[in-house]
Amino acid sequence: MYWRLALSSIKAQMQYKLSFGLSAAGQLAGTAIEILGIWALFTRFGSLPHWSLSEVCLFYGVVNVGFAVADGMATGFDHFGVDYVRTGNFDRLLVRPRGLILQLLAHELAIRRLGRLVQGLIVMVWALTDLGIDLEWPMIVFLIYTIIGGTCLFLGLFVFQAALSFWTVESLEVMNTLTYGGVESSQYPLSIYDDWFRKFFTYVVPLACVAYFPILLLLDKTDPLGSSRLFQLLAPVAGYLFLAAAILAFSRGVRHYTSTGN
Amino acid sequence: MFNAYWSVISARYRTLLQYRAAAIAGFVTQLFWGAIKIMVMSAFFAVSTEPQPMKLVEVVSYIWLGQALLGMLPWSVDKELEAMITNGGISYELVRPLDLYSFWFCRTIALRTATTTLRSIPMLIFALLLLPLAGFDEWALAAPGGLVVTCVFLLSLVCALLLACSFTMIMHVILVWTISGDGLNRILPSFTMIFSGMVVPLPLFPDWTQGFLSLQPFRGLVDVPFRIYTGNIPALEAGPDILHQLIWSAVFIFLGRRLLASSMHRVVVQGG
């Protein structure tokens, strides 16, 4: 069902080919400058304590691929407050005989996010080759499981944002701090940050669990912060749990919802 | 005549000041962003053994100024102007007894200054005063080194505003010029960000890029005023840099005027 809706959304967007091409290119340029910045710093300073350029690029790639997929799928949740709650259009979704989550995911599959996805993939593959990591099946499965964990976590953030809009439609841009700020910060290894910051992104918004910890396992590298291999293996589960918690919060919001009327 | 333009600026400025909730959200986001950047930079500086073209204190101040003055950069267009161009409201603009370029330029000044004042004042208070009080001295924005530095910095900031507005006007003219200008205007801000020094301070780019970086226009937006503030460019030697800002502003204004004039010849207003 989701695929049928997604396919029709893609078809609709492809109607405006030039506009699609330009906005994908815009996205590509937007993420390209970040990698350019990272490159400039590494050229200037040589390295970070414990970390090389290709290792940081692996962080960058994994996080951006996970985020790009979530960002593309979550337009319905991202615009939820403005497009559905404030206008009262949400009522129309409620009377349809399909799940709410499905309908909101199908709002639009924003393929203009392709720019970030493609770039994330390129950087990730380059980093993996440069680091000489043997991509055997268990590794590939682990990598995919990590990336999906990341996608779930970012989707969870968007769903939380949508859930909040049942209570307030003001200032939800603050959530962008967590989504875009999260992407920005997890492009660098967690160990370079201050303690309060690490704790926040491990325990409150478990971004480190879908980027930093599993990638250490992938790199077969000892954690300067001292986490165990078992923890690194299980960490991405936090992303899946985060999405589950967000959906729970969203359903509570739905029960709390009273329409603005038409 | 001058009065008409001044009232355009002040009316638009006051309208744009209404978006207070968005400003608070922006403030929080930028604090967070500033914190990330400072931690990343400190980590890099921690491994560096040789002297760098900028000191960490200077970089920290550069980052905070960047977070405070982000809205001044030509990263967006005037949404109302954009709507006017697509829905044909532009024809009303043509009948006004004002020079179109100057009129839009005034709107642009308001666009670039209103949100910036809302965001920069709390940000500067926070980074300059509250952080040192809370004991985060190495995270704080350092005060400028004396009256001369402050004056030269303010002068260069005004020039940066002029440059930012003249480039925003290029983006506005692109919208009139072609209907898919929207896509182009999504790509341009990325160049502005990286070449102005917002992503990484320009002196920290590799040495072989410095020649190009010092000639291109966007360094006048961020790199020049901020390095004057931090003392990285000595205030009394800043003349050529300020001239650089002015020359590029003049180039953009000239280009913008020419492009606007030529596209106004071609404008066809559909319907009545």
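1. A residue is called buried here if 20 or more other C-beta atoms lie within 10 Å of its own, exposed if 12 or fewer, and partly exposed in between, with C-beta atoms placed from the backbone. By that rule, 44% of the 262 residues in chain A are buried. In chain B, buried residues make up 45% of 272.

2. This is a predicted model, in which local features need pLDDT of at least 70 and side-chain atom pairs count only at pLDDT 80 or more, while totals for chains, interfaces and linings use all residues. Residues are numbered from 1 along each chain as its sequence is written, and chains are lettered from A and ligands numbered from 1 in the order in which they are written.

3. On confidence, the model scores ipTM 0.81 and pTM 0.83. The average pLDDT of chain B (the predictor's confidence in each residue, from 0 to 100) is 84, and 94% of the residues of chain B score at least 70.

4. Secondary structure is assigned from DSSP runs numbered from the N terminus: helices are H or I over at least four residues, strands are E over at least two. Chain A has 15 helices and zero strands. Chain B has 11 helices and zero strands, and its pattern along the sequence is α-α-α-α-α-α-α-α-α-α-α.

5. How do the dimensions of chain B compare with those of a compact globule? The radius of gyration is taken over C-alpha atoms, and the globule rule is 2.2 Å times the number of residues to the power 0.38. For 272 residues a compact globule would come out near 19 Å, and chain B has 20 Å, which agrees. Along the principal axes, the C-alpha atoms of chain B fill a box of roughly 65 × 40 × 35 Å.

6. Two residues are in contact if their C-beta atoms, placed from the backbone, lie within 7 Å. Of the contacts in chain A with a separation of 6 or more, 81% are between residues 24 or more positions apart. For chain B, 81% of the contacts between residues at least 6 apart in sequence join residues at least 24 apart.

7. The contact between the chains takes 34 residues from chain A and 29 residues from chain B. On the side of chain A that touches chain B, the elements giving two or more residues are α2 (17–45) and α10 (174–186) of chain A. The largest share, 16 residues, comes from α2(A). By type, that side of chain A divides into 16 nonpolar, 13 polar and five charged residues. Here Ala, Val, Leu, Ile, Met, Phe, Trp, Tyr, Cys and Pro count as nonpolar, Asp, Glu, Lys and Arg as charged, and the others, Gly among them, as polar.

8. Helix α10(A) deserves a separate look. The expected span of a helix is 1.5 Å times one less than its number of residues. The 13 residues of α10(A) should therefore span 18 Å, and the end C-alpha atoms are 18 Å apart, which agrees. α10(A) bends by about 25 degrees at Y180(A), the bend being the angle between axes fitted to the seven residues ending at a residue and the seven starting there. Its buried residues include M175(A), L178(A), G182(A) and V183(A).

9. Helix α6 (residues 100–133) of chain B has 34 residues and reaches 49 Å from its first C-alpha to its last, close to the expected 50 Å. Where does α6(B) bend? The bend is at T117(B), by about 35 degrees. After α6(B) comes G135(B), with a positive phi near 90 degrees.

10. Most residues other than glycine have a negative phi, and most peptide bonds are trans. D220(A), which is not glycine, has a positive phi near 55 degrees. D220(A) sits in the loop between α13 (212–219) and α14 (229–234) of chain A. D220(A) counts as exposed because 8 other C-beta atoms lie within 10 Å.

11. I247(A) lies in helix α15 (residues 237–256) of chain A and is partly exposed, with 17 C-beta neighbours inside 10 Å. Leaving aside neighbours within four places in sequence, I247(A) is in contact with I101(A) and V159(A). I247(A) and V159(A) are 88 residues apart in sequence and 6.6 Å apart in space, C-alpha to C-alpha.

12. S10(B) belongs to helix α1 (residues 2–16) of chain B. S10(B) is exposed, with 12 other C-beta atoms within 10 Å. Between S10(B) and A114(B) there are 9.5 Å in space, C-alpha to C-alpha, and the two are 104 residues apart in sequence.
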